[in-house]
Amino acid sequence: MTYTRDEKFWTGVRWLGFGATFLFMVFPIFWMVITAFKVARDAYSTKIIFTPTLHNFVSIFQDPYNFGPLLLNSIVVSICTVAVAIPAATCAGYAFSRYQFKTKNALMVAVLSSQFVPPVVVVLPFFTLFRTLHLLDTRLALVILNLSFVLPFAVWMIKGFVDALPADIESAAVVDGCNRFQVLRHITLPLIMPGVVTSAVFGFIQSWNEFLFALILTNRKAVTLTVGLMGLHTDKGILWEHMAAAGMLIMVPIFVLSFTIREYFIEGLTMGAVK
Amino acid sequence: MTSVNREKHVKWVLMAPTLLILIGTTLYPFIYSFITSFRFWKLTRSPVPGKFIGFDNYIRAFGDAGFWNSVWVTVVFTVISVVLSMVIGLAIALILERATKLNTFMKSLLIFPFAMAPALKGYSWRFMLNPDYGIIDAAIDAVFPFMADVVWLGEPYWAVFWLAMTEIWGWAPYIALVFIGALGALPRETLNAAKVDGASTFQVFWYITLPQLKPIIIMVGLLKTIFSVKMFDQVVTLTGGGPGRATETLNYYVYNQGFKFYDMGYASALAYLLVTTMFVFAFLYVRFLMKGEQA
């Protein structure tokens, strides 16, 4: 087969585009990674050849930056959010998928729309409520508010995975006298496990990256990593080499997690809308 | 109790935890903010809400130049970030469409910009745009020497553009992944027929592929719009709203009124104007999704 001029031209464009895409996507990450290994003097330059150091990673855990507690806060808040959201979402997602009832569509739209309520609307009343209850600057406050966006998302995602599972698989168990809870626990749950795990990872990423709630509701004890970055913006300016190291602390766990679920990534994010 | 009756209750038991949590975390603040938007309430003066003042907070918004500025910034930002992330996303999808090993590798890289914390994106770009040691600034200066004096985050329009750029960097790859999925699902017959008939690559794309992608384009466009309208994180970390007020998005303005000036009543009213805008797009998006649901 001979290639026409048209095909040759577009193959060239494709390769150029491939290079540009690679550069565009990878370069900002690459730049942050190498900056994290630079001493301050090198960080404030565009050098590519330099003597690497691990000093920044040690320094962010020491006074006055103390990222240790922040890391712990991020981990605890994200895990607790997921631990509440995923079991609840699995039950609800199953019910939305398997039952037909009058209020179903209205309820599903309500759950979906709740995700689109701007976070600032959610946080305004909770700020005053938590102030009264002395819950400001606690991890509990963050978990409660993170549920407002992690939960609806997980419900829709898990519903999509149950939808993809033929209902016949369950009917045999029902005939054998299992009740719905037993069916869900012993038949459906093992089969939709990849979906449940994907939703859990998503929920974790969303909580981990959350910024607005943590910025408003915490100031000392419960500060998370994303808000902690602002602590590196000092009177002397932004300490970029520390910022890059702290950035890697935020970024690397999320990259590892999202890489493990990459197969379900698109499916999950579009909430099953793109089939 | 008969078993049929029991079965009827099971679904409510299953949904109860989710519905209760969402009533607490979303419906309650949603209604409470709405009520607060009609009250006078400055936290600096009183820890409890003040008297009802009718539509005064809303009327105040319409005469507030800062509010109109934030609406304008949000509109410009949304248009730039939606259009560019869709166009770049589609271009990346067309580049990576064929399932070669290299493309599969690239596709797994595409997840990373999207998964990065938005607050961190803001700082990362702020670093690269610094006029003294920023790598992007240096690269642009090398290619376009006449731009050497531009302080990217110091010029109002450029600041909005770069704010959008941080968003495009994260979203274009995600949109590309969605489009790659959609491209793979398109029927091959029409494409091949058109090629046999001598249509050029561009004609095939413009007249056959693009129209078939229309539903996905609308859906992704709406979703991206919803997320762009509530832009906040990078405003704080990239520009801090500046220079002046050039990058104060509506969400950031609401935040300032509520948590810098502690004017809960006014902030709630502004927040509700944001809600109204979001719900127009959310309504369209939900209707679109539900239509697909029944088909």
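Trainee: In which loop is A:Asp137 found?

Mentor: This is a predicted model, and in it A:Asp137 belongs to the loop between helix H6 (119-133) and helix H7 (139-163) of chain A.

Trainee: Why is A:Asp137 called partly exposed?

Mentor: A residue is buried with 20 or more other C-beta atoms within 10 Å and exposed with 12 or fewer. A:Asp137 has 15 other C-beta atoms within 10 Å, so the label is partly exposed.

Trainee: Which residue of chain B has a positive phi, and where does it lie?

Mentor: B:Tyr262 has a phi near 50°, and this residue too is other than glycine. B:Tyr262 lies in the loop between H11 and helix H12 (264-294) of chain B. Because B:Tyr262 has 16 other C-beta atoms within 10 Å, the residue counts as partly exposed.

Trainee: Why is B:Thr237 called buried?

Mentor: The cut-off for a buried residue is 20 or more other C-beta atoms within 10 Å. B:Thr237 has 26 and is therefore buried. The residue is found in helix H10 (residues 233-239) of chain B.

Trainee: Which residues does B:Thr237 touch beyond four places in sequence?

Mentor: They are B:Ala119, B:Gly122, B:Tyr123 and B:Arg126. As for B:Arg126, this residue is 111 residues from B:Thr237 along the chain, yet the two C-alpha atoms are separated by 7.9 Å.

Trainee: Which residues of H9(B) are buried?

Mentor: Among them are B:Ile216, B:Met219, B:Val220, B:Leu222 and B:Leu223. The list also includes B:Lys224, B:Thr225 and B:Ser228.

Trainee: What makes the peptide bond from A:Asp63 to A:Pro64 cis?

Mentor: The omega of that bond is near 0°. A:Pro64 lies in the loop between helix H3 (55-59) and helix H4 (67-98) of chain A. In chain B, the peptide bond from B:Gly242 to B:Pro243 is cis as well, with omega near 0°. B:Pro243 is placed in the loop between H10 and helix H11 (250-259) of chain B.

Trainee: How many residues does each chain bring to the contact between chain A and chain B?

Mentor: Chain A brings 72 residues and chain B brings 72 residues. On the side of chain A that touches chain B, helix H1 (residues 5-36) gives the most, with 14 residues. That side divides into 53 nonpolar, 14 polar and 5 charged residues.

Trainee: With which residues of chain B is A:Val109 in contact?

Mentor: Leaving aside neighbours within four places in sequence, A:Val109 is in contact with B:Val286 and B:Met290. A:Val109 itself lies in helix H5 (residues 104-114) of chain A.

Trainee: Why does A:Val109 count as partly exposed?

Mentor: Being buried takes 20 or more other C-beta atoms within 10 Å, and being exposed takes 12 or fewer. A:Val109 has 16 C-beta neighbours inside 10 Å, so this residue counts as partly exposed.

Trainee: What domains does the assignment give for chain A?

Mentor: The domain assignment gives domain 1 (5-55) and domain 2 (57-269). Their centres, taken over C-alpha atoms, are separated by 31 Å. The contact between these domains takes 11 residues from domain 1 and 9 residues from domain 2. On the domain 1 side, the largest share, 4 residues, comes from H1(A).

Trainee: What confidence does the predictor give the complex and its chains?

Mentor: The complex has an ipTM of 0.88 and a pTM of 0.89. Chain A averages a pLDDT of 87, with 95% of the residues scoring at least 70. Chain B averages a pLDDT of 88, with 97% of the residues scoring at least 70. Over residues 271-275 of chain A, pLDDT stays under 50.

Key
Residues are numbered from 1 along each chain as its sequence is written. Chains are lettered from A and ligands numbered from 1 in the order in which they are written. This is a predicted model: local features need pLDDT of at least 70, side-chain atom pairs count only at pLDDT 80 or more; totals for chains, interfaces and linings use all residues. Two residues are in contact if their C-beta atoms, placed from the backbone, lie within 7 Å. Helices (H or I, at least four residues) and strands (E, at least two) are DSSP runs, numbered from the N terminus. Ala, Val, Leu, Ile, Met, Phe, Trp, Tyr, Cys and Pro count as nonpolar, Asp, Glu, Lys and Arg as charged, and the others, Gly among them, as polar. Domain bounds come from an automatic or database domain assignment. pLDDT is the predictor's confidence in each residue, from 0 to 100.
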